Amino acid sequence: MADLKSFKSYHSYSQFAKSSVPLEEVINEIAELPLDGVLGFVACLSLEMIRLGEQFDNPHFQGRYLQYALADDFPRSIPRAVEMISPGRVPITGGRNIFLHEQNLAWLCHYAILHSKKDSVTYEFTNYLKYRISRLLLIVNGFFNTGREYRLNTFIDRKLFVHDWVRNYQFNRFWRNPVEIIYKLTRQKVLFTEFIPKYFPDLDYHFTSIMGFSLQRYYEIVILIILHVYYSMVPGRHWLSKSNICSEVKTNRHEIDRLLARWTMTPQQYEDFACKWEKEQKDIDLSALFDFIPLRMTPLIEARPNDLVCPIPIFLFTKMEDEPYYILSENLRDNERNDFQKSIGYAYETYAHSLIERIANADSRGKWQIRRNPCIKDNTQLADSYLQRGKVAIVFEHKASRPGSEFLRGGEGERVIGPSDCILEKLEKLGDVSLKEGRNRDNGFLTRGMWQQNKAGLKIITWAEKEFGERPTRLIPIITHLSALQIDKIIRIAYIDPFIKKAKLYKDEFWIKPQWLHVRELEAMAQLAEDGELDLESLLFLKNDRYFRVSFDLFIHHHCGGIRMDHVLYDSALSLLDESSAAFFPNQESVC
């Protein structure tokens with residue numbers, strides 16, 4: 001892996017035509033199209049995406065639109081396109097025929113809002129419009145496949161590569177049905193209404209002061225919107241009338257209107273905001289085309305007077321999930337903001353530990369001894385959570401941080417994956433960095449835990465022998481995280497594994513290879529344990545021995561028959577549905 005080309009997993013116009021189309025020419029063509037037609041067509045594709053889930057990538061579905069793209073003639077016809085087009089069948093291209101995805105849909109929406117005709121009304125999707133938009137989406141893929149080379153000669157090179165790789169996890173997070181997003185939303189509700197207030201008691205007071213309604217009401221509103229998107233918005237019914245969207249709501253309609261207004265912009269407002277946003281962002285390489293922050297912040301566009309369209313519904317869902325965090329972070333005073341953000345870390349650690357307790361008590365091979373925040377006499381903390389059974393111990397670090405907007409749009413990423421460049425340079429020149437220095441100069445929420453675990457390793461062995469009367473001979477290091485970003489096989493091969501070797505991490509014989517778990521996998525294992533189907537020790541040793549580079553979600557999915565839904569969150573979701581129904585449709589029977 002000395003050299004690695006940029007990602008080229010999607011078909012593009014340049015691949016077929018053997019030539020590229022300049023950005024300016026694409027923008028000029030977008031300017032000739034009606035805005036409501038472009039956003040409406042993309043909204044229909046996006047609605048198909050959230051309904052089909054992973055099947056959206058099925059060549060039989062994508063092939064229909066690829067036929068349109070191949071047949072169009074902007075800026076010129078594709079040589080031998082007629083030989084590729086096979087009416088009623090998948091185009092014959094010699095590839096997977098995948099060219100539609102969240103990133104090129106979002107790119108086209110962004111530039112359409114900035115440049116397309118805003119004073120026309122599209123009554124139907126003509127063949128011309130379908131063909132031209134499909135061709136533009138095919139061309140846009142060429143902008144992503146820029147031919148950038150990633151030279152992995154140094155650890156800084158490798159880190160920059162994995163930063164870009166990780167950024168791609170913000171796209172194409174499929175949800176096959178409303179249960180998935182409601183489940184994720186319920187987790188956030190539990191954290192914000194049950195766990196964070198333990199460490200930041202005035203949370204709901206501040207939120208209510210800002211928004212005019214409580215956090216509880218916020219979640220009641222957004223679950224109602226989710227159900228509307230999934231069950232009422234379909235291709236052909238993808239516009240939302242501002243006057244009718246809440247027409248059937250019996251009470252508290254003004255609160256829904258207030259929240260929707262926060263997420264809505266007219267095209268002119270969006271254009272003004274996007275221009276201001278771009279001017280404020282400095283020293284960020286935009287060539288990777290990750291920056292859709294304006295569209296993520298206001299995923300509803302009033303493309304016609306009094307009519308809204310949501311061109312990328314997944315952006316709306318992630319907005320719902322993250323909105324309380326941003327509302328509070330943007331409006332609290334500095335000292336309050338710091339206390340709030342610290343409280344998230346404490347709350348997530350408490351939540352993650354509660355899941356580990358459930359696993360420890362229900363493991364099919366027998367209970368584990370468990371400790372939270374074990375410390376030694378000088379108050380040095382050895383782990384966030386610790387399990388031991390016999391001579392096997394599991395050491396957990398829990399990380400609640402999230403990637404910031406700067407990172408997601410292509411900027412600095414050391415708060416996601418570290419350590420700092422100076423540590424990497426020193427490591428390559430001298431071949432050695434102390435554990436203390438490494439920990440102090442690594443702010444990456446996916447990597448800092450490695451230094452913490454290694455610094456505590458020998459102390460854990462001594463402490464555990466005194467605490468439990470048995471000296472562990474195998475330590476299993478696990479880092480759990482609240483962010484949906486994943487450490488996958490590519491990241492391990494390109495950066496994590498060589499870095500661990502060079503930095504001499506986990507070199508003591510008692511360590512096995514580290515693993516990274518998203519909280520979703522921790523919830524799934526808690527449910528597996530309570531269903532009597534989890535032998536945690538055997539599962540983790542299997543992962544270490546045969547699948548250590550495979551991301552944990554894929555491993556769980558393959559070896560445990562899917563990622564099981566946690567009944568505790570499921571019950572909370574059902575309660576939230578009932579509470580939402582009671583808030584907006586009183587005197588009606590429960591929806592559950």
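Me: This is a predicted model. Against which elements do the buried residues of helix 24 pack?
Reply: Helix 24 covers residues 552-559, and its buried residues are Phe552, Asp553, Phe555 and Ile556. Seen down the helix axis, these residues fall within an arc of 160°, so they line one face of helix 24. The elements they pack against are strand 11 (515-518), helix 22 (519-530) and helix 23 (536-546).

Me: Which exposed residues does the face of helix 24 turned away from its buried side carry?
Reply: The buried residues of helix 24 line one face. The face turned away from that buried side carries the exposed residues Leu554 and His558.

Me: Which residue with a positive phi follows helix 24?
Reply: Helix 24 ends at residue 559. The residue that follows the helix with a positive phi, near 70°, is Gly561.

Me: What is omega for the cis peptide bond that joins Phe74 and Pro75?
Reply: Pro75 lies in the loop between helix 4 (59-71) and helix 5 (81-84). The cis bond joining Phe74 to Pro75 has an omega of about -15°.

Me: Is Asn252 buried, partly exposed or exposed?
Reply: Asn252 sits in the loop between strand 3 (239-241) and helix 12 (253-262). Its phi is positive, about 60°, although Asn252 is not a glycine. Buried means under 20% relative accessible area and exposed means over 50%. The relative accessibility of Asn252 is 24%, so Asn252 counts as partly exposed.

Conventions: Residues are numbered from 1 along each chain as its sequence is written. This is a predicted model: local features need pLDDT of at least 70, side-chain atom pairs count only at pLDDT 80 or more; totals for chains, interfaces and linings use all residues. Side-chain values use heavy atoms; hydrogens and water are left out. Buried means under 20% relative accessible area, exposed over 50%, partly exposed in between (1.4 Å probe, protein chains only). Helices (H or I, at least four residues) and strands (E, at least two) are DSSP runs, numbered from the N terminus. The arc is that of the directions from the helix axis to the C-beta atoms. Contact means heavy atoms within 4.5 Å.
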